[in-house]
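Biologist: Please put the model on screen. I want to ask what stands behind each label.

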Amino acid sequence: MAETISKQRLLEQERASHAYDAVVKAKGKKDKELKSLARSAPASIQSNGLGQTLAFWKAKNEEHHLALYHALSGWLKKQLHIDENRDLLEWIATTADSLQYRQATAEALAYLNWYKRFAEAELKE
């Protein structure tokens, strides 16, 4: 039991660390827009789905969309043991089964909680 709690805490710390680093790295790339996007990202995923939201961010091809796309993609590929050279959207479209897709969505929402908080704290209005 104590080991499980310790693993969960470690995972939360790793999410927080990765999200913080990603937000700091994205500073100066349309901060106001990135902060707004980070706030709305969990709702977008819940209403449109992970794959559709990622595809939208990638298609927009704007700095703040790509910053969040790459941050979330990097985290999910690490957590789901996806080859880092493979595109997450390709994996979702061609390889992921429904259980993996649901796991990816749950992990994305957990990660975005940290990302959103750090974006609110670190990025300018």
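Modeller: Start with helices. Helices (H or I, at least four residues) and strands (E, at least two) are DSSP runs, numbered from the N terminus. Arg-15 and Glu-12 both lie in helix α1, three residues apart, about one turn of the helix. This is a predicted model: local features need pLDDT of at least 70, side-chain atom pairs count only at pLDDT 80 or more, and totals for chains, interfaces and linings use all residues. Residues are numbered from 1 along each chain as its sequence is written, and side-chain values use heavy atoms, with hydrogens and water left out.

Biologist: What makes Arg-15 and Glu-12 a salt bridge?

Modeller: The rule asks for a side-chain nitrogen of Lys or Arg within 4 Å of a carboxyl oxygen of Asp or Glu. Here N to O is 2.2 Å. The pair therefore counts as a salt bridge. By this rule the count comes to eight salt bridges.

Biologist: Why is Arg-15 called buried?

Modeller: Buried means under 20% relative accessible area, exposed over 50%, partly exposed in between (1.4 Å probe, protein chains only). Arg-15 has 7% relative accessibility, so it counts as buried. Glu-12 has 31%, so Glu-12 counts as partly exposed.

Biologist: Which other residue forms a salt bridge with Arg-15?

Modeller: Glu-107 does, with the closest N and O atoms 2.6 Å apart. Arg-15 lies in helix α1 and Glu-107 in helix α6, so the pair ties together parts that are 92 residues apart in sequence. Glu-107 is buried too, at 12% relative accessible area.

Biologist: How do you know that Asp-87 and Lys-58 are paired?

Modeller: Their side chains meet in a salt bridge at 3.0 Å, N to O. Asp-87 lies in the loop between α4 and α5 and Lys-58 in helix α3, so this pair ties together parts that are 29 residues apart in sequence. Asp-87 is partly exposed at 24%, and so is Lys-58 at 35%.

Biologist: What joins Glu-12, Arg-15 and Glu-107 into one network?

Modeller: Salt bridges that share partners.

Biologist: How many helices and strands does the chain have?

Modeller: There are six helices and zero strands.

Biologist: What makes the chain as compact as a globular protein of its length?

Modeller: The radius of gyration is taken over C-alpha atoms, and the globule rule is 2.2 Å times the number of residues to the power 0.38. For 125 residues that rule gives 14 Å, and the chain's value is close to it at 14 Å, so the chain is as compact as a globular protein of that length.
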